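Here's a look at one helix and the charged side chains that pair up around it. Have the sequence and the 3D view open as you read.

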Amino acid sequence: MVSSEVPTRSPRSPDEELERAMADYLRVSRGGHLYASEDEHLRAEQAAWDRLVAARELAETAGAAS
């Protein structure tokens, strides 16, 4: 029998999410040569930056709450 449920990952802590977002941003930033165009690279880099900023804010909020 095949399960129709989508597999999920366990949630990351805010610090783990920040670490992952930082690594992803650096990967995208340094990997411009992997994109079909400069515009695609810039869009991906902006999306990765936005995710990094959001993860940093979440980690700071979680740190202040504890």
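## A pair within one helix

In this predicted model, Asp24 and Arg20 join their side chains in a salt bridge, with 3.1 Å from N to O. Why can these two reach each other along the helix? They sit four residues apart in helix α1, so about one helical turn separates them. In general, side chains of opposite charge can pair when their charged atoms come close.

Asp24 counts as buried, because its relative accessibility is 15% and the cut-off for buried is under 20%. Arg20, at 38% relative accessible area, is partly exposed.

## Asp24 has other partners

Asp24 also meets Arg27 in a salt bridge, this one at 2.8 Å from N to O. These two are three residues apart in helix α1, which again means a separation of about one helical turn. Arg27 is exposed, with a relative accessible area of 54%.

Then there's Arg51, which forms a salt bridge with Asp24 where the closest N and O atoms are 2.5 Å apart. Here the link runs between distant parts of the chain: Asp24 belongs to helix α1 and Arg51 to helix α2, 27 residues apart. Arg51 is partly exposed, its relative accessible area being 31%.

## One network

Which residues end up joined through salt bridges that share partners? They are Arg12, Glu17, Arg20, Asp24, Arg27 and Arg51, linked into one network. The model's salt bridges come to five by the rule used here.

## The helix behind it

Now step back to helix α1 itself. Spanning residues 14-30, α1 has 17 residues and reaches 24 Å from its first C-alpha to its last, close to the 24 Å expected at 1.5 Å a residue.

Which residues of α1 are buried? Glu17, Leu18, Ala21, Asp24, Tyr25 and Val28 are. Those residues cover an arc of only 130 degrees around the axis, so they lie on the same side of α1.

## Two faces of α1

What do the buried residues of α1 pack against? Their neighbour is helix α2, residues 38-65.

Notes:
Residues numbered from 1 in each chain as written. Predicted model: local features only at pLDDT ≥ 70, side-chain atom pairs only at ≥ 80, totals over all residues. Heavy atoms only, no water. Expected span 1.5 Å × (residues − 1). Buried < 20%, exposed > 50% of the residue type's maximum accessible area, 1.4 Å probe, protein only. Arc of directions from axis to C-beta. Contact = heavy atoms within 4.5 Å. Salt bridge = Lys/Arg side-chain N within 4 Å of Asp/Glu carboxyl O.
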